[in-house]
Structure formats: structure tokens, C-alpha cells
Amino acid sequence: MAKITTIIDIGSNSMRMVVLEKSSRFAFNLINETRSRVKISEGCYENNGNLQEAPMQRAFNSLQSFLNISKALKSRKIICVATSALRDAPNAKTFIKRIKDELGLNIKVIDGSKEAYFGGVAAMNLIHGDEFVTVDIGGGSTEFAFIRDGKIQKCISLDIGTVRIDELFFSKGDVEGARNFILEKLKEVLASGEEIPSTVVGIGGSIRALSKIIMAKNQYPLDILHGYTYCVDLNDHIFDSILNAKNNQTLKYIGIKKDRFDTIKEGTFIFKTILDELNIKRVITSGAGVREGVYLTDLLRNQNAKFPSNFNVSVKSLLDRFQIDEKQSAYLGRNAGEIFDVLAPMHGLDDRYRLLLVIASKLHSIGKTLNFYKSNDNTFDFILSGLNYDFQHTSRVTIAHIIKFSKKSLPQKRDLDKYKELLPCFENMEWLSFMISLNLLINQDMSNPKVKYKLKDNKLKICLEKSIFIIENEIVKLETPKGLRVKVVCQ
């Protein structure tokens with residue numbers, strides 16, 4: 001696969017491009033994301049599905065700019081897919097031929113099932129969870145992919161989208177007609193034979209815009225959309241406030257951005273109808289969709305479009321990009337696990353915190369690359385946004401705090417106030433802070449010393465193969481959780 005790859009997705013409402021750089025076999029990072037609201041399907045549903053001249057010209061101009069960006073970033077591979085608007089349009093071939101002849105770009109029109117599949121691949125690999133259904137609301141269609149046990153079970157595409165609903169119903173004031181239209185289409189999902197999960201992974205601009213409003217209304221402390229989770233019943237009133245908005249000024253007051261005024265009501269209406277009809281309890285927001293799914297299908301073509309078990313693309317990508325020494329990283333990760341295990345009788349932490357401690361230990365030195373001074377704070381800020389994929393927000397915030405407090409003194413309660421709702425209890429954070437601090441201290445001279453740990457009567461004995469003065473001198477300064485004593489001995 002090319003080192004730098006461009007993926008373009010021509011949707012009914014928006015056209016989007018991502019440029020991704022491969023850093024190792026399965027790891028990659030985003031180097032550009034560009035969006036243009038060309039609304040290529042504008043007017044088509046009132047004209048027998050035919051694309052209109054003005055929207056086609058907007059799409060042409062945007063594609064020209066996309067290709068300029070791709071070329072400037074030295075992308076060696078471009079994959080362009082088109083969805084509902086082009087697959088429905090009788091005159092789509094005319095547009096596709098023009099793009100090929102004048103821009104040299106091949107557009108692949110994908111069917112609804114394939115579009116749903118790509119969204120499913122993105123969610124399956126980049127969202128934390130094993131059982132959910134993706135819902136991807138576009139301008140012309142909505143796609144569903146059922147994920148169970150980490151595999152895509154079924155893909156369905158329905159002809160319900162924001163632009164289609166607007167032109168066929170909302171523009172005529174026929175809200176009830178829109179509802180009946182959607183419910184009739186949803187019968188295919190209900191009759192699919194698939195058990196409907198209680199969790200939806202929401203994909204698409206309308207769903208992301210809704211999540212931003214819900215985050216703001218709930219004063220959510222982390223400004224990260226991907227992985228944001230909320231309960232449907234606790235936020236019904238926010239959906240209703242959007243649907244009942246009298247004009248754009250009201251939408252602005254609610255918090256809707258100007259570029260969403262024309263589709264947010266339709267998107268909210270479609271999504272709420274789906275959530276109610278399928279009895280969905282929880283929504284996880286996905287910042288990834290068809291584009292990432294196309295890329296991953298290509299990247300993982302010999303892996304059944306699935307990352308290997310125990311592989312996390314965010315962690316590996318950061319290790320690659322910051323060129324963290326593999327031996328140091330492996331040592332700190334292994335040592336973190338050993339410290340966690342030996343102290344388990346005292347800290348009583350769930351095993352998932354073991355993994356978070358290991359990851360924090362491997363990534364802690366990123367901040368030194370950014371700026372040696374205050375490196376823990378630098379890493380903290382970067383990790384909050386840098387662990388892009390396959391992490392719950394609670395995990396991301398916990399890892400960042402473990403690194404921030406990897407120092408001789410334990411955190412104070414006031415230090416955790418801002419992100420309190422996303423963190424484990426204060427006592428657990430004390431233990432995690434202590435364990436990473438001990439881990440880093442043991443390897444302070446970067447010699448990867450051989451060490452064994454023994455716990456007896458709440459005393460942790462650190463057995464070094466040979467005397468290391470810097471460790472013996474600093475260990476006495478390390479603040480320990482209540483009840484724990486630490487001693488260094490040389491074998």
C-alpha cells in the first residue's frame with residue numbers, strides 16, 4: 001500500500017477527503033481532512049433523480065481543489081467513491097466521464113450495501129465495542145451495519161436521507177408523510193432477522209452535529225467527538241428543541257452552526273425516528289466513516305478488514321511518529337505490568353487498568369519530544385486528542401492523567417476536578433500515579449535493569465541485580481499510597 005493515500009467520498013450533501021500517512025504495517029495517521037458542502041444532489045429528487053448543472057459544477061470545482069491538496073501532500077494513491085446521489089442519478093455517467101476526462105480521476109460508484117459495509121469496517125476497527133449497529137445518515141440514504149463479536153453480520157441501505165426527506169416532504173410541510181415514509185423503510189431493518197442491539201454508533205455530519213450540541217448542553221469536559229457516548233432518554237429534550245425550532249435564529253441559539261441550518265432538522269428527525277423505532281438506549285459518536293472504512297479495507301485486505309487482536313492503531317501510530325525507542329518502550333510496558341500484578345492484593349484495581357498503565361508507560365516520553373520542560377503536561381495535552389481511535393473517553397482521560405502525575409508526589413483531589421466524571425475514584429488514581437512513577441524511576445538511567453518485585457505485609461521489596469545509586473537515592477522521595485512501604489535491595 002502507498003505510504004500516503006487520499007480517500008475522497010462524494011456524498012449527496014457533502015464531499016469529503018482525508019489524506020492518511022502509513023507509518024508501519026498497520027499504523028497510520030491523518031495528515032489532512034477537507035470538506036466541501038457541494039450538495040451535489042440538490043434539486044435531483046424533484047427532477048427524476050437527475051443531477052443538476054450547478055451542483056455538478058460545484059462538485060467539479062471542489063474535486064479540482066481536493067486533487068491540488070493531494071498532490072501537494074505527495075499522495076501516491078487516490079481512491080474516490082460516490083454514494084447515493086450518483087448511484088441514483090440517470091445522468092451520473094456524464095458527470096463521471098467529465099471528471100475522468102478533465103481531472104484524470106476515476107470515480108467508483110458504490111451500492112448501498114457497500115457503503116454500509118465501509119461504515120461498519122470503520123466502526124468495527126476504530127470504536128471501542130463488540131456489539132452495536134451503525135447508523136450513517138447521509139443526504140440521500142441511511143446505512144446500517146450490524147456488528148457482533150467484532151464482525152460485520154449484515155449491511156442494509158435505505159433511501160432516507162436529509163436532502164431526500166427535505167425535497168420530498170419537509171419543503172412541503174408534510175412532517176407526517178416523512179414519518180410514515182421512514183417507518184415504512186425501517187420495516188426492512190426490523191425484518192432483517194438481526195437482533196437489534198441497544199447501542200448505535202452514529203456516523204455522518206448530522207449525527208456529529210447533534211452530538212456537539214448534546215456535549216455542550218451537558219457541559220462535557222472533554223472536547224473530543226469521536227467516541228462520545230450519551231443515553232438517548234436523557235437527551236430527548238435536546239432532539240425536541242431542534243425539531244421545534246421556529247427559525248434559524250432559534251437554531252443558532254441552541255448552538256447549531258450556520259452551515260447545518262438547512263439539514264439539521266431533517267437529520268434530527270430521521271435519527272430520532274430510528275432511535276425510537278429500534279428502541280435504542282445509547283449512542284456512540286463516530287468521527288470515522290466511509291472514508292476511513294475504504295482506507296482500512298485496503299490497508300487490511302489480507303486481514304479480513306480487521307486489525308490483529310491486541311493491536312491498537314493509535315498507540316502504534318504515536319510510537320511510530322515520535323520514534324520512541326522500541327526497547328525502552330517494551331521494557332517500560334513489561335515492567336508496568338509486573339508492578340501492577342505484584343501490587344494487586346493492595347490496589348484491587350480491575351485488569352483494564354493494567355492495560356491503561358502499560359500504555360501510559362509506553363507513551364509517557366512523547367512530551368519530551370515536544371518540549372523537554374514540563375514534558376508531563378505536554379504529553380497530557382497531546383494524549384487527550386492524540387489517542388484518536390478505539391479508546392473510550394474514560395480510558396483516554398485516565399491515560400493522560402496517569403502520565404501527568406508520573407512524578408514523585410501523588411495527585412491532589414483538586415487536580416482531578418475538571419475531568420472527575422471521566423476518571424476512576426481518587427484512590428485508584430493515586431495507585432496508578434504511584435505505579436507509573438515507580439516504573440519510570442526504576443529505569444531512570446535507561447539501562448533496563450533486571451528487577452524483581454516482592455510484596456509481603458504491605459511492604460514492596462524491589463530487588464535489583466546490582467546497586468544503582470540513582471534509584472536508591474530517589475526512591476525515598478517517592479510518595480506512596482496509604483499503607484504501602486517500599487524498600488530497595490540488591491541481590
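Tutor: Start with aspartate 350, which counts as partly exposed because its relative accessibility is 48%; buried means under 20% relative accessible area, exposed over 50%, and partly exposed in between, with a 1.4 Å probe and protein chains only. The model is predicted, so local features need pLDDT of at least 70 and side-chain atom pairs count only at pLDDT 80 or more, while totals for chains, interfaces and linings use all residues. Residues are numbered from 1 along each chain as its sequence is written, and side-chain values use heavy atoms, without hydrogens or water.

Aspartate 350 sits in the loop that links helix 14 (344-347) to helix 15 (352-363). Helices (H or I, at least four residues) and strands (E, at least two) are DSSP runs numbered from the N terminus. A polar atom of the aspartate 350 side chain is 2.9 Å from the backbone nitrogen of arginine 352. Asparagine 428 is 78 residues from aspartate 350 along the chain, yet the two C-alpha atoms are separated by 9.9 Å.

Serine 211, in helix 7 (residues 205-217), makes a contrast: its relative accessibility is 0%, so serine 211 counts as buried. The serine 211 side chain has a polar contact of 2.7 Å with that of threonine 285. Such a contact is a pair of N or O atoms within 3.5 Å; within protein, one must be able to donate a hydrogen and the other to accept it, and residues adjacent in sequence count only if both atoms are side-chain atoms. Beyond the neighbours within four places in sequence, serine 211 is in contact (heavy atoms within 4.5 Å) with Leu225, Tyr228, Tyr230 and Thr285.

Six bridges pair strand 1 with strand 4 in the parallel sense; two strands count as paired if DSSP finds at least two bridges between them. Threonine 5 stands opposite lysine 77 of strand 4. Strand 4 (residues 77-82) also runs parallel to strand 5, joined by three bridges. Among them, cysteine 80 has isoleucine 107 as its partner in strand 5, and alanine 82 has valine 109.

For the whole chain, the secondary structure comes to 20 helices and 14 strands. Of the 491 residues, 56% are buried. Among contacts with a separation of 6 or more, 70% join residues 24 or more positions apart. The C-alpha trace spans about 85 × 50 × 45 Å along its principal axes.
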